[in-house]
Amino acid sequence: MLQCTLSIFLFRRNKLLLRYSALGLKRCYSTDIRNIGILAHIDAGKTTTTERMLFYAGKTRALGEVHRGNTVTDYLAQERERGITICSSAVTFPWNGKRINLLDTPGHIDFTMEVEQSLCAVDGVVVVLDGTAGVEAQTVTVWTQADKHKLPRLVFVNKMDRPDANFEKCVYELKTKLDAEPVCTQFPVKNNEGHLSIYDVITLEQLSWQQKDYGRVYQKTKLEASEALRDLQEKRNELIDKLSGLDDELAEIVISTESFDQVSNELIGKAIRRATCQKKIVPVLLGSAYKNIGIQRLMDAINDYLPNPEECNQIYECFGNDLAGKVFKIVHDKQRGPLTLVRLIRGELKRGMRLTCSSGQAEVVSKIYEPLADEYREVSSVQAGDVAICAGLKSTITGDLLTSSHTSLKNAQKRLMKIRGVTIQQHEDDDELSVDQEMFAIGAQIPDAVYFCSIEPPSISSQTAMEQALKQLQREDPSLRVNYDAVTGQTVLGGMGELHMDIIKSRMLSEYKIDVDLGPLQIAYKETIKSPSTNTLSLEKEIAGSKQNVSITLEVVNDEVEVFCLDKSPENVQHLKALRPRILQVVRKGAISALERGPRVGGQVVDTQIRLHNVLVGRGTADSFIMAAAAQCVQKLLTTSGTRLLEPIMALQIVAPNDHVSGVMADLSRRRAIIKDVTTKGEKNKMILVNAPLSELSGYSSALRTISSGTASMTMQPCGFSEMNSLDETLAIRRVQGLE
Ligand SMILES: Nc1nc2c(ncn2[C@@H]2O[C@H](COP(=O)(O)OP(=O)(O)OP(=O)(O)O)[C@@H](O)[C@H]2O)c(=O)[nH]1
């Protein structure tokens, strides 16, 4: 009430201040917060939709446009130049007494990791469809990701202003391609000039937007008795019928009133909310972000149908009032340096507070900001349920759980185990019940790099600056791998694709002013040993007058679990027992470092265990000398035992109309694909699940488009590494050597 009075007062004095007062909702209950992700296939219109939301919420004074490069959420220079979203950005705005924290995420497959991170921080999702394209490849991917995170969602069918938009087709594809239960609360209607307005199924109104004030105001007109009204009434009845089949509360009301007409709009809204939060249905809305149509109703639907933070994350109740926050992104701000985006789940985060991150490291929050993409407003504290941008955190990485202390985390885990009736012993025995896992399970998974390339600074003097910049970029984007290749002396980047690497290069130039050179993009093969082998290496050398002397015996065997261990055979046990821990540590470090680069194509050596049989070290021998001896011994072993290549495999999910399935399958078999499953998807489509080597998939999406005349869609994600036959292996090696 006080809040409201204050707002009105400020409104009289200064309209601008109203916005900040409304943002005083910061003190609001977490039931009044919506943490939302906005997901879609590339170019469906997420950024344009977000711009409109900010505008109508009073957060911006002018509308940003992607083609003009002046949007709020695409704030990196690269995003504005390319017109695509690269980093998810967080924006906050008030809407009808609620506070919406919204993450705009990238649509391109190379940035799937970004989407994963964002999903750790939200309680619900808006999936934007391009009304002219329906459910596209990346829509399927993000939908599957939202499924994995068990997130309720709304669908916004955008671009409905376009003459080729087809709302029914979109709804049909939601059922057939995504197995969703769409519930349309709106339908499109166009006048003779093709101008779009919306029929509201619940209120039986026609909603019309005017262009002259950027769609800020819209009219609601009750439909007069007509064919259109009868049609809409029928749709309303169908909606109530469907909902009462899914929602007991509504079913009881329908039964007691014996009529659909008596069911109020409010009751329908509440039933939609319950069914959406329980993930039984997906409400579908429509509009045109570009033409400023339908956005306010989408914002209403976010408030009305998507859950608040209290309805989610119940597992974190075991923290009581202690602090628990999930780090979902680290960004670099030119003025403020690295900033950590934290979704606060429990407690209150205050400026100057001490925190502990997952690695146990202590951190201090020096400043807290509230997000508006690249603009921030400093605040002194943030409440549970909200998103905070923190300055001062140095070792925290994406995916960390921040708590007030290690003891607080342990206590919370104990409380959770007690609630679940799990004893410590059970917990240790049973992976399924691992409380740690559950606590951290919402953390994003970092995919293995499938491509790599070398990166070089413009001059030797900028090597250190380049390394520091890469370190920062890596904290922001854990799917970027940075390795140093001791053999070639090059820094090597690993990542998800060409665009991913390209963006890194561009960001190095625009944000760090380093014009790096990237080598050709190569597939990141791994290697594994062919057979076990043992070797003894003796090294003797005089360095600066001091005699260095090491004799080491190591064995390599195939093992997927442990990378280094001590040999257990009786002749070695005694000696190894007497080994000094420091020497063991040095040997371990040196030996493992040699697995970074296999002898065939320089790929990481995996599924290989190094066993230490014996090591004799002369008095005064330096650690670096022992380390080098261990590394050399392993290198020799890898060469003598020989290695096989393992190639990255992608899991593809293809949805194709029945009459194109045989063509798609024939093409897949030429690509060394292994068909995992073919299932029926609706009446007219099949879903094909296949695993195929990445090396066979270059240009596959356009090939699929050609084979299926544009009717098939697909998603692709890395799913591990697999051995190859000797012919394919020879080919791969020739390709890596630049001979093919
Ligand atoms: N006709 C029409 N064009 C639209 C509409 N919404 C967006 N666009 C245009 O579609 C293009 C892509 O829009 P974005 O908002 O950048 O799409 P996005 O989903 O954020 O794209 P990424 O960030 O690259 O994933 C831009 O040229 C927009 O102007 C719409 O409702 N109607």
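Predicted model: local features only at pLDDT ≥ 70, side-chain atom pairs only at ≥ 80, totals over all residues.
Student: How many helices and strands does the protein have?

Tutor: Helices (H or I, at least four residues) and strands (E, at least two) are DSSP runs, numbered from the N terminus. Here you get 22 helices and 36 strands.

Student: And what percentage of the residues counts as buried?

Tutor: A residue is buried if 20 or more other C-beta atoms lie within 10 Å of its own, exposed if 12 or fewer, and partly exposed in between, with C-beta atoms placed from the backbone. By that count, 42% of the 740 residues are buried.

Student: Okay, strands. Which strands pair with strand 13?

Tutor: Two strands pair if DSSP finds at least two bridges between them. Strand 12 (residues 324-333) runs antiparallel to strand 13, with 9 bridges joining them.

Student: What else does strand 12 pair with?

Tutor: Strand 21 (residues 401-403), again antiparallel, over 3 bridges. Look for glycine 325 opposite leucine 402.

Student: Why is strand 13 described as largely enclosed?

Tutor: Count its buried residues: 8 of the 10 in strand 13 (residues 337-346) are buried, so the rest of the structure largely encloses it. Strand 12 also has 8 of 10 residues buried, so it too is largely enclosed by the rest of the structure.

Student: Now a helix. What does helix 10 pack against?

Tutor: Start with the general idea: an α-helix has 3.6 residues a turn, so residues three or four places apart point the same way. In helix 10, the buried residues are Ile268, Ala271, Ile272, Arg273, Ala275 and Thr276. They pack against strand 6 (182-184), helix 8 (227-246), helix 9 (248-257), strand 11 (282-286) and helix 11 (295-305). Contact here means C-beta atoms, placed from the backbone, within 7 Å.

Student: How far does helix 10 reach from its first C-alpha to its last?

Tutor: The expected span is 1.5 Å times one less than the number of residues. Helix 10 (residues 265-277) has 13 residues and reaches 18 Å, close to the 18 Å expected.

Student: What share of contacts in the protein joins residues at least 24 apart in sequence?

Tutor: Taking contacts between residues at least 6 apart, 72% join residues at least 24 apart.

Student: Last one: which residues other than glycine have a positive phi near 60 degrees?

Tutor: Most residues other than glycine have a negative phi, and most peptide bonds are trans. Against that background, check leucine 204, with phi near 60 degrees, in the loop between strand 8 (196-200) and strand 9 (205-209). It has 16 C-beta neighbours inside 10 Å, so leucine 204 counts as partly exposed. Lysine 279 also has a positive phi near 60 degrees and sits in the loop between helix 10 and strand 11. With 15 other C-beta atoms within 10 Å, lysine 279 is partly exposed.

Key:
Residues numbered from 1 in each chain as written. Contact = placed C-beta atoms within 7 Å.
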